[in-house]
Amino acid sequence: MPLIPLSFPLFPARLPKHSERNQRNDTAMERNYRKLWWQHCLAIIGFSVIPLLLVNFFLYHLFDTTYTDKVMESLRSNAENRRDAIDLFFRERIAQLYTIANANSFQQLTDEGYLNKIFEIMHVKSDSYMDIGIIDSEGRHLAYVGPYYDTLKQVNYKNELWFKEVQANGLYISDIFMGFRKTPHFIIAVMVREKNTSWILRVTINLKNIDDVVQKAWAGHLSDAFIVNKKNVLQTRPRFGGNFLDVPATPEYTADSLKSHPYPDYSSVVATKLERVTYSGMDAFFAATPIHNTKWILVIKENPDEMLSPLVKGQHWMLLFMAAGLAIIATGAALVTNTLINRIKEADLVNAANADMLLQANKMIALSKMAAGIAHEVNNPLASIAENAGWMKDLLAEEDIAGSKNYTEFSESIDKIEQHVARARKIVHNLLGFARRMEPAKEKIDVNKLLDETTGFLENEARYVNIQIAKEYADNDPVITSDLSQIQQVVLNLLNNAIDAIGHDGTVTVSSKDLETTGEVEINVADTGKGIAESDLHKIFDPFFTTKEVGKGTGLGLSISYSIIEKLGGKMKVQSKVGVGTVFTILLPKQ
């Protein structure tokens, strides 16, 4: 194929950018990537975290319910054990009183000296008793041993409540009361019937003994235990606030005063009762159980924070592990999403590049069809114009017109017609060459030799305008398999463009590189011309676009060159900077 010099416009020395609309699309795409990133990341986190939270919530609820049930059962067991201990305490004392009454006669027990010996024996075995007395059926104190002798010896109990209860039931364990001694105490009294006589053996119980039994129910530093009667009055001293004969309450210390908040009322409890209640803004476990043979109710209070401290610790560990799990899930989701989005971006870039190449190919196909039609349509009128111009020239030579004062003007006009016809034929020829898109011939090409031969065509022209052609070839003489004439045509057109871009006084650098890593050979044609405005960068390979003056460029050179290189399986790129110059790069496969 003959070398056809093509007219090439100048272009900037870097890859073409998108138009403003494409830039706006890129920005929108970037926003979409961010939205897609968040959607995908949150989806991963959601599908991972929601099951994790549900499982943890279920396990915690199950553990909380199970552990709370165990705590309440433990509280029930503690309350009933303490109740049984108090019952045993009273049964032992009642049995001891019956033993004394049955082992000794009424006459013996009414002897205060003898009664004192009995009391001393009782004290040796237990310090539960404060005093002992014998009362007849009329309520008179017949004998008394204890610290309140002067106060109680002359007292008649006929009208006292406890006296009537003993006569009615034969046994009575009283609530705590003040009585004649004006101090809190409670008694155990039994009715003894001997022949035709009935009398009462009464003892006062040491309150400390009952307190000791009740206090053994304290399971923690914040727990409490006490006894109330059917009127919800304290029969033992609570651990935190309150005293005998008070209403059970918890103290609250403020800046100005000491207030108290009543506990729940369990005075009507008839069987063991367990509950978790909130009173005065505090949460507590309560157990209440009635004590046999008395009108007393044992109440035990436990603090949930103390009782459920293992559960709270487990909750803290669960929250810690959940937070760590969430952090791991979030990190993993971010990493996976980053990888996915990066792959999507790469795929989008590849698709965009393929779309650009497809668009360019479609443009070339459409242009080739249009070029073929134009060429065929234009060729006939051009032939007719050329023929008539020649005929007119012949007429000027044959007729005696040389003497005409307009001869020179006629001759110059015919020359201009022939000149423009020749130029039009050249354009048509280029269009036909572009439209045919002949399949490339395959042959071994020494790239350095090809460049050397091609630059030789233009060395004289370059020297004439003081432009130096510098050569920087690869040392290993790279060889490719391609179409020699078509590559030479492209390089020749790039050299023509470079010389036109410089005008005069400059340098055109032709170089080659062997890219072993990619299996390609790189050819560069660089000039020190003026470059081109950035607004024209995206148009450089479009047909009929040129930056040359009107009449000096057709705008087909780079478009045809781009098409040729693409057809040969290569790539064509450009880099430029205004005022510095332009570099065209051709990448061709070795095979």
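Does Asp-136 count as buried or exposed, and at what relative accessibility? In this predicted model, Asp-136 counts as buried because its relative accessibility is 8%, and the cut-off for burial is under 20%. Its salt-bridge partner is Arg-140, with N and O 2.9 Å apart. Arg-140 is partly exposed, at a relative accessible area of 45%.

The protein chain has 591 residues, and 41% of them count as buried. Twelve helices and 18 strands make up its secondary structure elements. Among contacts with a separation of 6 or more, 64% are between residues 24 or more positions apart. The accessible surface of the chain is about 32200 Å². Carbon and sulfur atoms contribute 55% of that surface.

The average pLDDT is 82, and 85% of the residues score at least 70. Residues 1-30 stay under 50. For this segment the model has 91 contacts beyond four places in sequence. Where pLDDT is low, predicted coordinates should not be read in detail.

Salt bridges were examined next. The structure holds 13 of them. One of these pairs Arg-181 with Asp-131, with 3.0 Å between the closest N and O atoms. The two residues lie 50 residues apart, in distant parts of the chain. Arg-181 sits in the loop between β3 (171-173) and β4 (186-194). Asp-131 belongs to strand β1, which spans residues 129-136. Both Arg-181 and Asp-131 are buried.

A further salt bridge joins Lys-471 to Asp-452, and its closest N and O atoms are 2.6 Å apart. Elsewhere, Glu-73, Arg-76 and Glu-80 are linked in a network of salt bridges.

Empty space within the fold was then considered. Rolling a probe the size of a water molecule over the atoms shows where such space is left. The second largest pocket has a volume of about 390 Å³. Its lining comprises 15 residues. The closest to its centre are Leu-161, Tyr-172, Asp-175, Phe-177 and Lys-231. Two elements, α5 (161-169) and β3, each give two or more residues to this lining.

The structure holds two cavities of 30 Å³ or more. The largest cavity has a volume of about 60 Å³. Its lining includes the aromatic residues Tyr-157, Trp-162, Phe-177 and Phe-180. Leu-152, Glu-160 and Gly-179 also line this cavity, as do His-185 and Arg-202. Arg-181 is another lining residue, and this is the arginine that forms the salt bridge with Asp-131. Phe-177 lines the largest cavity and is also listed among the residues closest to the centre of the second largest pocket.

Key. Residues numbered from 1 in each chain as written. Predicted model: local features only at pLDDT ≥ 70, side-chain atom pairs only at ≥ 80, totals over all residues. Heavy atoms only, no water. pLDDT = per-residue confidence, 0-100. Contact = heavy atoms within 4.5 Å. Salt bridge = Lys/Arg side-chain N within 4 Å of Asp/Glu carboxyl O. Helix = DSSP H or I, 4+ residues; strand = E, 2+ residues; numbered from the N terminus. Buried < 20%, exposed > 50% of the residue type's maximum accessible area, 1.4 Å probe, protein only. Areas by Shrake-Rupley, 256 points an atom, 1.4 Å probe, with all protein chains shown as cover. 1 Å grid on protein atoms, 1.4 Å probe; cavity = no way out; pocket = protein on both sides within 12 Å on 5 of 7 lines; lining within 4 Å. Points joined across faces, edges and corners; volume = space filled by probe spheres on them.
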